[in-house]
Amino acid sequence: MSDRLIKERIGAVLFSEQAIRERTHELGMRIAQDYGPGGLARDTQGRPPLLVCVLHGALVFMADLVRQIPTEIEYDFICVSSYGNGTSPGEVSLIKDLERPIKGRDVLIVEDIIDTGNTISYLRRGFAAHDPASIRICTLIDKVARREVQVEVNYAGFLLEEDAFIVGYGMDYGELYRNLPYIGLLKPKYIR
Ligand code: PRP
């Protein structure tokens with residue numbers, strides 16, 4: 001699909017490249033400060049926080065976020081699927097697990113979007129069973145309109161109060177649009 005065709009499908013840009021960059025920088029600085037000396041870190045071995053990227057959507061945000069954190073961190077990846085793969089709504093399935101143990105670690109889950117809250121509460125529950133020192137949650141978009149499960153979001157880039165179908169910056173529709181550098185509204189006529 002050509003650049004012109006993709007742009008034709010985006011009704012409006014909700015969060016521009018610049019807005020995302022600025023907000024990501026602010027989040028990175030806050031995370032560095034929060035996990036720094038006298039902060040929120042609870043790992044008794046003093047290991048850096050472990051950022052967990054939830055594939056595939058959070059990949060783009062994660063890549064930019066980690067480069068805005070000026071202190072030591074480690075990262076790992078997990079892949080889950082919440083819908084679109086034949087499972088019923090609200091059901092989450094694990095596609096790829098973490099590669100390193102989280103026992104005693106300060107875990108920071110990084111999401112592109114929290115929508116119903118089912119995915120993040122599934123992950124939080126699963127991680128809690130492995131006895132980490134702490135679990136916190138960071139999401140670029142906190143979409144509250146369709147929340148089904150209450151979750152405590154510790155770092156939110158942007159609050160989205162409307163039930164809008166957004167794509168770009170990692171978020172897809174039918175696996176497309178993830179590579180847009182901004183977050184836009186997909187025109188309803190292109191949603192089947
Ligand atoms: C998206 C997003 C979150 C989840 C949020 O992932 O990346 O993980 O949905 O929705 P929820 O709060 O309603 O559970 P998706 O399953 O679409 O896969 P993807 O990350 O590969 O795009």
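Q: Is Arg 105 buried or exposed, and how do I read that?
A: Look at the relative accessible area. Under 20% counts as buried. In this predicted model, Arg 105 has a relative accessible area of 5%, so Arg 105 is buried.

Q: Which residue forms a salt bridge with Arg 105?
A: Look for a side-chain nitrogen of one residue and a carboxyl oxygen of another. The cut-off is 4 Å. Here the partner is Asp 43, and the closest N and O atoms are 3.8 Å apart. Asp 43 is buried too, at 10% relative accessible area.

Q: What does the pair of Asp 43 and Arg 105 tie together?
A: Check where each residue sits. Asp 43 lies in the loop between α2 (17-34) and β2 (50-55). Arg 105 lies in the loop between β4 (93-96) and β5 (106-114). The pair therefore ties together parts that are 62 residues apart in sequence.

Q: How many salt bridges does the structure hold?
A: The structure holds 16. One of them joins Asp 142 to Arg 147, with the closest N and O atoms 2.6 Å apart. Asp 142 is buried at 9% relative accessible area, and Arg 147 is buried at 17%.

Q: Is Glu 175 buried or exposed?
A: Over 50% counts as exposed. Glu 175 has 52% relative accessibility, so Glu 175 is exposed. Glu 175 forms a salt bridge with Arg 178, and their closest N and O atoms are 2.8 Å apart. Arg 178 is buried, with a relative accessible area of 19%.

Q: Why does Lys 187 count as partly exposed?
A: Values between the two cut-offs, 20% and 50%, count as partly exposed. Lys 187 has 24% relative accessibility, so Lys 187 belongs there.

Q: Where does Lys 187 lie, and which residues does Lys 187 touch?
A: Find the segment, then list the contacts. Lys 187 lies in the segment after β9 (183-186). Leaving out residues up to four places away in sequence, Lys 187 touches Glu 8, Arg 9, Ile 10 and Gly 11. For distance, compare sequence with space: Lys 187 and Ala 164 are 23 residues apart in sequence and 9.9 Å apart in space, C-alpha to C-alpha.

Q: What is the order of strands in the open sheet that includes β9?
A: Read across the sheet, strand by strand. The order is β1-β9-β8, an open sheet of three strands with antiparallel pairing. The edge strands are β1 (10-15) and β8 (166-167), and each pairs on one side only.

Q: How many bridges join β8 to β9?
A: Two bridges join these antiparallel strands. To see the pairing, find Ile 166, which stands opposite Leu 185 in β9.

Q: Which residues line the second largest pocket?
A: Name the lining, then sort it by type. Among the lining residues are Ile 78, Asp 97, Arg 100, Tyr 122, Phe 127 and His 130. The lining divides into eight nonpolar, two polar and two charged residues. Helix α4 (residues 118-128) gives the largest share of the lining, four residues.

Definitions and conventions. Residues numbered from 1 in each chain as written. Predicted model: local features only at pLDDT ≥ 70, side-chain atom pairs only at ≥ 80, totals over all residues. Heavy atoms only, no water. 1 Å grid on protein atoms, 1.4 Å probe; cavity = no way out; pocket = protein on both sides within 12 Å on 5 of 7 lines; lining within 4 Å. Nonpolar A, V, L, I, M, F, W, Y, C, P; charged D, E, K, R; others polar. Buried < 20%, exposed > 50% of the residue type's maximum accessible area, 1.4 Å probe, protein only. Contact = heavy atoms within 4.5 Å. Pairing = 2+ DSSP bridges.
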